[in-house]
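Work through the exercises below with the sequence and the model in view. Each task is followed by a stepwise solution.

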Amino acid sequence: MLATVPADPVSTDKVAPLRAALLAWFDACGRDLPWRAGEEGRRDPYRVWVAEVLLQQTQVSRGLGYYQRFLDAFPTVQVLAEAPLDAVLKAWEGCGYYARARHLHRAAGIVAAQGFPTSYPGWRALPGVGPYTAAAISSLAFGEGRAVNDGNVRRVFARLFAQPRPADAWVQAQADTLLDPARPGAWNEALMDLGATVCTPKAPRCAVCPVSAFCAAFARGQSTAYPAPKVRAPVQEVRAVAVLMGDQHRAVLEPRTGTLLGGLMGLPTEVVGAGETQQQALARLCARLGATAQGLLGELTHGMTHRRITLEVYVAHGPQAPQEVAQAALSRLDQKALALYGRQPSLFPVP
DNA sequence: AATCCGGGGCG
DNA sequence: CGCCCAGGATT
């Protein structure tokens, strides 16, 4: 069943030179990253695992700080498994995509009980470990011949082969073909380093690229034309109201549920429905809490990639007991809301 | 295959 | 301000 397989864009006799060129560059110019300690292909699986999960949709430059903080708090998988989820989320605070932390914690319980998986299928079966992460861990920490497919790999191959809309399966096929079986871990690291430091999205440094001689996009003088930009869904406008009962350090918080910021704590909040006014949403919120709103503290906007939230924050009093803000994991949105404390609220007229 | 999920950094 | 980032789960 190989009827529709296209011709190999890199002829077979160029595979070896391409591998050699990229690996030589990697040996000289590869990044020195904290989870790359130890022998090539035999990295520490726990350190690689945490790094790969934390760096999902997170740039390395920003992930480094979170990585140190997380490893300091949870230096081994046993420590992580025995920690309460709240503490894990607190360590993850501000990093985003909080399902990653919940999955990592759940998977740590499995690993603490059963030991580390030693091959791709075992890793792939853990929560929060998809094709990319399983390939990365099994190649970097166990020397298995698994090719990673991430945003860097996709962009590098789109340009090497001048493919404007590379399908995921196509990218994986190229990656599988070119993977150096002698040094799979180093090859994967090299490809990602190339994408992150040379073959960058907007201003690729083709003049210093070790594989420009093999690159179809470069040959056309059209490096940035590949891959074509993705069409994205328009940002959704969301209005919401929240109440601050307490102050910046002690306030009434409630757990957020569902996929949106699920697992984090936040100020009691209600979304303003379609055809509804803020005042009506505030009334709903206060009724739910048995609280009384006293004035508008301020308004803020918060962007979350796929939506833009306009939040009105009100001062209120109610029966709930405030809790220590510092001990709870909050999103940036709620941190902004708390930062409004101290402003002069515009009080409602007394009836 | 398409959608959804945060937050930051950079041009 | 728009785009992208060491993706995975869900449908």
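**Exercise 1.** How are H9 and H11 oriented to each other: roughly parallel, roughly antiparallel, roughly perpendicular or oblique?

Conventions come before the solution. The model is predicted; local features need pLDDT of at least 70, side-chain atom pairs count only at pLDDT 80 or more, and totals for chains, interfaces and linings use all residues. Residues are numbered from 1 along each chain as its sequence is written, and chains are lettered from A and ligands numbered from 1 in the order in which they are written.

*Solution.*
- Step 1. Two packed helices are described by the angle between their axes and the distance between the axes.
- Step 2. Helices (H or I, at least four residues) and strands (E, at least two) are DSSP runs, numbered from the N terminus. Axes are lines fitted to C-alpha atoms, for helices over the stretch in contact, with angles from 0 to 180 degrees between N-to-C directions.
- Step 3. The axes of H9 (residues 151-160) and H11 (residues 184-197) come within 8 Å and cross at roughly 80°.
- Step 4. Angles under 35 degrees count as roughly parallel, over 145 as roughly antiparallel, 65 to 115 as roughly perpendicular and the rest as oblique. H9 and H11 are therefore roughly perpendicular to each other.

**Exercise 2.** State which residues of H9 and H11 meet.

*Solution.*
- Step 1. Contact requires C-beta atoms, placed from the backbone, within 7 Å.
- Step 2. From H9 come Asn152, Val153, Arg155 and Val156; they meet Leu191, Met192, Leu194, Gly195 and Ala196 of H11.

**Exercise 3.** Which helix gives the most to the surface near DNA strand C?

*Solution.*
- Step 1. A residue is near a strand if its C-beta atom, placed from the backbone, lies within 6 Å of it.
- Step 2. There are 32 residues around DNA strand C, and Gly130, Tyr132, Thr133, Asp150 and Met192 come nearest.
- Step 3. At least two residues each come from H2 (45-54), H8 (131-140), H9 and H11.
- Step 4. H11 gives the most, with five residues.

**Exercise 4.** Describe the surroundings of DNA strand B.

*Solution.*
- Step 1. DNA strand B is surrounded by 23 residues, the closest being Gln57, Gly96, Thr305, Ser331 and Arg332.
- Step 2. H3 (60-73), H10 (168-178) and H14 (332-339) each supply at least two residues of this surface.

**Exercise 5.** With which strands does S6 pair?

*Solution.*
- Step 1. Pairing requires at least two DSSP bridges between two strands.
- Step 2. S6 (residues 292-303) pairs with S7 (residues 307-317) in the antiparallel sense over ten bridges; Leu300 has Leu311 in S7 as its bridge partner.
- Step 3. The hairpin of S6 and S7 has three residues between the strands, and Thr305 takes a positive phi near 70° there.
- Step 4. S6 also pairs with S9 (residues 346-347), antiparallel over two bridges, with Leu296 opposite Ser346.

Technical notes: Two residues are in contact if their C-beta atoms, placed from the backbone, lie within 7 Å.
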